[in-house]
Every structure is written in C-alpha cells, then in structure tokens.
Amino acid sequence: MLTMMKSKYFLIAAIALLAFNSGDDVLTKVGTNPQLMKERVVQNINNNFSLSTVVYSLSVKACKALPVAERAAAVKAVGDLVKAYIMSDAFSRDYETYVRNQYADYEKPNANDPQWKEKEENYRAELVESQQSMEKMGYGNMFKDNIDMQLGMYNGLLGSLNDESIAEAYRKQGYTEENLKAKINDLENILALYNTDKTECFNQYARYSAHEKVQLEIADQENRYTEMQKEMQEKLALNKTQKVKAALQEFLDISADVDFNAQLLPKNQYGLQQFSNPTYEREKSREWKMLFRAGKEPVMAARTFAQNWLKELN
C-alpha cells in the first residue's frame, strides 16, 4: 500500500511538472527552472506527499499562465523532457547522489572513540553525586535495591530464553544467554561486597552502571546505523522502470473520471471552495481534486502522454 501511495504521489508531481512550458520565460514566471524541475523529479520518485503539493501549486500557475490552446503542446513538450531525464543515466546518478546524501549523517559508532570513555566517567560521577545526596537523606543503601532489582530482571530474562515464543524478541534487544550470565555474575560479585565494604560495593556498581549505559548507547547507534544502511540500500535498488509503470497506471486510474464540469460553491469563511456535489467533496481523493484544479487541457494531454509512455514500457 505504501509503495502504491508513493507511486501515486510521484506521478502527481511528475504530471504537474508536465504543465511547464519548456521555455525559460514560463519557468521563470512560475518561479522554477530546469535544474529545480530535475531535483523535484529525483526527490519525488521515492517520497510521498510534501513536495508534490509544491509542484502542484507551480503547475496550476504554469497552466493559467498559458493560453488554453497552448497547454496540451506544453504538456507534450515538457513530458518528453521529463521522460528523457528519468530514463537517462544522468537521472540514475543524480538519484544515487540524492539518496546517499540523505543518509550521510548516519555513521557507524566507533567504540574506541574517546568520547565514550568521557561519557562513562560523566555518568559515573553523576551516580556518585546522587549517592552522596541519598546518604545525606538517610537512603544510602538504596543502591543495593537497584542491584537486587537488576539481578531479578536478568534472571527472569535468562529463564525466558527457554521459551522460543518470546526468546527471539529478547535476542533482538541484544539479550543472549552468554551476556545475561555475564551481567548476573558481575552484579553478584559486586553485591558480595555489600556486607564487608559498602563503599567499594557502591563504587564498583557505579562503574558497572556507567559502563552498561554507554554500551547501550553504542548498541543503539549501531542498530540505527544498520537500519539506515538497509533503508538506503532498498532505495538505491530502485527499479525506475517498474516505478514509472506503476505510477503511470495509478495516474491513469485516478484521472479517468475527473469531472471538469463539476461546480464549486462560493468560498467559505476560511477562503476555501468546496464542490457543490457533496459526493465529490466527501468521497473523491485529494489527488482527484488536485487534477480537477489543474484543469482539463493539461490533464487530458497528460493522460495521452501517460498512455503512450506506458505502452512503450510494456
């Protein structure tokens, strides 16, 4: 369903671009240029809603700026331009650059980066400061409750790994039999100091907790990096021919029954116009309404262009 929606919005954006006259004078009138047009095609082929609205608004201005008799020819002329660009190697290069730039900020964390040691020490210092405050209030032994609680949790998780119906979910969170046993062993060794050296017991617990917190942050970043790399590769694997075919068919389906003779009511108190036919207002899609507002001449010309392009791709 999501793929279909993306195809639909891409086509609305692309068809809207078809309303541009190839002359720079008309592009200038609607506040765009060939380079911006290419950027919008690249961005919209795998995006959904936001930019299609911008391109649609420009298309309406472009259509209104042209005499009615010239609109179909404008659609055909710029349709050829858009088609040539999408099917070119230049588009493939531009698209890959665009996608990679979107994910450039997601870096794989370096566990040896000094920042992690600094964070770990800061977390430990915060725990020490908190413990000092708790001791002043007479609650200096509460850290032992935290150790007991964590031991109970880890032992419970360890037992759950025997239940395959939920074990996989815990494994995805990074819990394995090996690391759970290691955590339990570490905490039990720390707790063993409580009755003989409470101060050292807390100090070791603070170091342990700070280290665990940092390791969780590193793991979270690694997981996020892995997820983003997977998402990026999926986008880079774009089959533009299949995407265009699906988008063309979606457009033809949406535009097949646009009633360009539909009547609009006067603007309401919010400056908006609605269809006098309540069925249109209630049941027709946003894309159908966008095409109605774009006008009959460019939409019908775009349908002809889309049908011919689809025949070529099939």
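Welcome to a predicted model, whose protein chain contains 15 helices and 0 strands.

**How confident is the prediction?**

- Across the protein chain the pLDDT averages 83, and 83% of the residues score at least 70.
- Another stretch to read with care is residues 16-23, where the pLDDT is below 50 and the model has 37 contacts beyond near neighbours in sequence.
- Helix by helix, confidence is lowest in H4 (residues 49-65), with a mean of 47, and highest in H7, with 96.

**The chain as a whole**

- The protein chain has 314 residues, and 39% of them are buried.
- Among contacts with a separation of 6 or more, 74% are between residues 24 or more positions apart.
- The chain's accessible surface comes to about 18,100 Å², and carbon and sulfur atoms account for 49% of that area.

**A look at helix H8**

- Helix H8 covers residues 142-160, which is 19 residues.
- From its first C-alpha to its last, H8 reaches 27 Å, close to the 27 Å expected at 1.5 Å a residue.
- The buried residues of H8 are Phe-143, Ile-147, Gln-150, Leu-151, Tyr-154, Leu-157, Leu-158 and Ser-160.
- Their cover includes four other helices: H7 (114-136), H9 (164-172), H10 (177-191) and H11 (198-236).

**Ser-160, a residue of H8**

- You will find Ser-160 in helix H8.
- Ser-160 counts as buried because its relative accessibility is 18%, under the 20% cut-off.
- Leaving aside residues up to four places away in sequence, Ser-160 touches Ile-166, Ala-167 and Tyr-170.

**The largest pocket**

- The volume of the largest pocket is about 510 Å³.
- Its lining is made up of 21 residues, and those nearest the centre of the pocket are Tyr-175, Lys-183, Glu-212, Gln-215 and Leu-216.
- Helices H7, H8, H10 and H11 each supply at least two residues of this lining.
- The helix that gives the most to the lining is H11, with 10 residues.

- Gln-229 is found in helix H11, the helix that gives the most to the lining of the largest pocket.
- Gln-229 counts as partly exposed because its relative accessibility is 23%, which lies between the 20% and 50% cut-offs.
- Along the chain, Gln-229 and Glu-107 are 122 residues apart, while their C-alpha atoms are separated by 9.5 Å.
- Lys-296 belongs to helix H15, which spans residues 296-313.
- With a relative accessible area of 49%, Lys-296 is partly exposed, since values over 50% would be needed for exposed.
- Lys-296 and Ala-72 are 224 residues apart in sequence, yet 9.6 Å apart in space from C-alpha to C-alpha.

Technical notes: Residues are numbered from 1 along each chain as its sequence is written. This is a predicted model: local features need pLDDT of at least 70, side-chain atom pairs count only at pLDDT 80 or more; totals for chains, interfaces and linings use all residues. Side-chain values use heavy atoms; hydrogens and water are left out. The expected span of a helix is 1.5 Å times one less than its number of residues. Buried means under 20% relative accessible area, exposed over 50%, partly exposed in between (1.4 Å probe, protein chains only). Contact means heavy atoms within 4.5 Å. pLDDT is the predictor's confidence in each residue, from 0 to 100. Accessible areas come from the Shrake-Rupley method with a 1.4 Å probe; for residues, only the protein chains shown count as cover. On a 1 Å grid over the protein atoms alone, a cavity is a set of points where a 1.4 Å probe fits but cannot get out, and a pocket is an open set with protein on both sides within 12 Å along at least five of seven lines; lining residues have an atom within 4 Å of a point. Grid points are joined across faces, edges and corners, and a volume is the space filled by probe spheres set on the points.
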